[in-house]
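This briefing concerns a single protein chain and is arranged by topic. Please consult the sequence and the structure shown here while reading.

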Amino acid sequence: RLGATIQDTEEGNGVKILEVDEGGAAAKSGLQPEDLITEINGKKVTNVQEAREALREKNASDNWRIQTLRGGKPVTIEVKIPKELKKSEL
């Protein structure tokens, strides 16, 4: 889980980050509200559906490589994939 709320853009040129969950993977990696995500792991992202699909795909590493535009300038951010921990009552 990335830990961010995203939205389509009217231009269809990526997805805009609206909110970043405090303490989540997005916040820890440096993603910020108003960043425009354009690629995830080398795959172009033009809408929320494409972003969700790219984030669901298995990745050989423990990171997502996210390309954003921040203030019109490209920024590449590595986001550590949170490990899904199992629990059980004994």
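Among contacts in the chain (heavy atoms within 4.5 Å) between residues at least 6 apart in sequence, 40% join residues at least 24 apart. The model is predicted: local features need pLDDT of at least 70, side-chain atom pairs count only at pLDDT 80 or more, and totals for chains, interfaces and linings use all residues. Residues are numbered from 1 along each chain as its sequence is written, and side-chain values use heavy atoms, with hydrogens and water left out.

**Overall fold and dimensions**

- The chain has two helices and six strands, where helices (H or I, at least four residues) and strands (E, at least two) are DSSP runs numbered from the N terminus.
- Read from the N terminus, the order of elements is β-β-α-β-β-α-β-β.
- Along the principal axes, the C-alpha atoms fill a box of roughly 50 × 25 × 20 Å.

- Of the 90 residues, 26% count as buried, where buried means under 20% relative accessible area, exposed over 50% and partly exposed in between (1.4 Å probe, protein chains only).
- Not counting residues up to four places away in sequence, Ile-37 touches Gly-14, Val-15, Ile-17, Val-45, Ile-66, Gln-67 and Thr-68.

**Thr-38**

- Thr-38 is found in strand S3 (residues 36-40) and counts as buried because its relative accessibility is 15%.
- Beyond residues up to four places away in sequence, Thr-38 touches Asn-13, Lys-43, Lys-44, Val-45, Gln-67, Thr-68 and Leu-69.

**Pro-74**

- Pro-74 lies in strand S6 and is exposed, with a relative accessible area of 61%.
- Residues up to four places away in sequence aside, Pro-74 touches Gln-67, Thr-68 and Leu-69.
- Pro-74 and Asp-35 are 39 residues apart in sequence, and their C-alpha atoms are 9.8 Å apart in space.
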